[in-house]
Amino acid sequence: MALPAAAALMLAGSILLNVSAVSKPTAGKPAPANSVSEQRLFSQGRDVFRYDTFGDQGFWGDSLQLHKAIEGSKLGGVGPGLSPRNALAAGLKVDAAALPAAVVQAIKKGKVNLDSPKTTLALIKLNAVVGVKGFFNAKGTLSSVGLTCAVCHSTVDNSFAKGIGRRLDGWANRDLNVGAVISLAPNLKPVTDLLGADAATVKKVLASWGPGKFDAKLFLDGKAFMPDGRTAATLIPSAYGLNGVNLATYTGFGQMTYWNAFVANLEMHGQGTFVDARLNDPIQFPIAARAGFFDVRHTPDLVTPKLGALQYYQLGLQPPVPPKGSYDPVRAQRGKAIFDGKGKCSSCHVPPTFSEPGSNLRKPAEICTDSFDADRSPTKAYRTTPLRGLWARAKGGFYHDGRYQTLGAVVDHYTSCLGLNLTTRERGDLVQYLKSIH
């Protein structure tokens, strides 16, 4: 790579070099494969997860024109462009493994213009911006942009610098401000037309999400806020540790392949096939029914042929091992006894999946919570959350909407809800065990 191009890729600078080392998590590493064909299928699924847009550039680029906002007016787009500084602030991540050695050395020397959209474009061209795929024309400028599964369901370990490091596939990107990214789009008309709202209202809703949250059901029912005024958006879920788990999301729309097809077609706006007659309900899902989301078909189908490999990869994503010193092993051992006994936790969170075998759904009243988000699902229930790697999902809080900021608050809730009469020490021991599960 020529030096000018390398200079354009220098994304770190002094603020990026001021970061502490982190432990080496295991999520994103393959489980042992028993044959060449299994290894090939795993690799295919990884490529789909990381790099496949399913043709959604037709929406994010061609329709919303997000690529023009990324470029900026000086490079043929519109507005100021998306600088590396702003991209990192919005929670986008950089895969250090995609950076050439010369660029890595340049970053370490701090020779970078963090305010140049040219740097962002060069990183996108290298497939280094996690979950963002650029389509470039002969002039070297963006002609479109698409998103992949990894934009929400991968992060990095910050091993090189803040926001730059090894990929952690399956980890929810709780730094990503999805609403802010969508709001950059110069043309929000496809969204306003779908929701039947003006641009100012849509931007207000998007701004309410904040980092780490997304409202997949907004585009089904149009409910942007809870009755108390809080955002209806939910935390981006992790995608690791789901092998053996029945329903894959907070309110249990369906299994993993269902949700992959749902997201690829209805949220990413890829070009595939998706069928769910439950969404043809003008009362519960007025937007989905009106838009025909209950029966979506494209030719060629760019989604369905990839669902098998994608699922195989996701099922191989192992929960991350807690960092050394992150919990007290002696107290965790006592907490395990409480989890399996007095606390009654294992009656629902059944090891080793730590969810419920068979149907893993619970009615809101059973867990002493409101029904708002459950009522937005065909199931009218909440899934029993699998607990493996729970420590890595702490950012943004716990429960589907992050309403409990700590595991201690979750334990307190269930102690009260189920009348467990746990002492302060027992609750603390239980928290230590929850931190240890992987």
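**Close-up 1. The salt bridge between Arg85 and Asp115 in the predicted model**. The side chains of Arg85 and Asp115 form a salt bridge in this predicted model, with a distance of 3.0 Å from N to O. Arg85 belongs to helix H6 (residues 84–89), whereas Asp115 sits in the loop between helix H7 (101–108) and helix H8 (117–125), so the pair ties together parts that are 30 residues apart in sequence. Arg85 is partly exposed, at a relative accessible area of 35%. Asp115 is also partly exposed, with 47% relative accessibility. By the rule applied, the model has a count of 25 salt bridges.

**Close-up 2. Arg362 and its salt bridges with Glu356 and Glu366**. Arg362 pairs with Glu356, and the closest N and O atoms of these two residues are 2.6 Å apart. Arg362 also forms a salt bridge with Glu366, where the closest N and O atoms lie 2.9 Å apart. Arg362 itself is partly exposed, at 23% relative accessibility. Glu356 is buried, its relative accessible area being 11%, whereas Glu366 is partly exposed at 40%.

**Close-up 3. A network of salt bridges that includes Asp215 and Arg376**. Salt bridges link Asp215, Lys217, Asp221, Asp373 and Arg376 in a network. Side chains of opposite charge can pair when their charged atoms come close.

**Close-up 4. The disulfide between Cys368 and Cys417**. The count of disulfides in the model comes to one. The sulfur atoms of Cys368 and Cys417 are 2.1 Å apart and form a disulfide. The torsion about the S-S bond of this pair is about 75°, so the disulfide is right-handed. Cys368 is located in the loop between strand S11 (361–362) and strand S12 (382–383), and Cys417 in helix H18 (residues 407–417); the pair therefore ties together parts that are 49 residues apart in sequence. Cys368 is partly exposed, with a relative accessible area of 39%.

**Close-up 5. Cys152 and Cys345, with their nearest cysteine sulfurs**. Cys152 takes part in no disulfide, and the nearest cysteine sulfur, belonging to Cys149, is 9.3 Å away. Cys152 is buried, at a relative accessible area of 16%. For Cys345, the closest cysteine sulfur is that of Cys348, at 9.0 Å, which is too far for a bond. Cys345 is buried, with a relative accessible area of 16%.

Key:
Residues numbered from 1 in each chain as written. Predicted model: local features only at pLDDT ≥ 70, side-chain atom pairs only at ≥ 80, totals over all residues. Heavy atoms only, no water. Salt bridge = Lys/Arg side-chain N within 4 Å of Asp/Glu carboxyl O. Helix = DSSP H or I, 4+ residues; strand = E, 2+ residues; numbered from the N terminus. Buried < 20%, exposed > 50% of the residue type's maximum accessible area, 1.4 Å probe, protein only. Disulfide = S-S within 2.5 Å.
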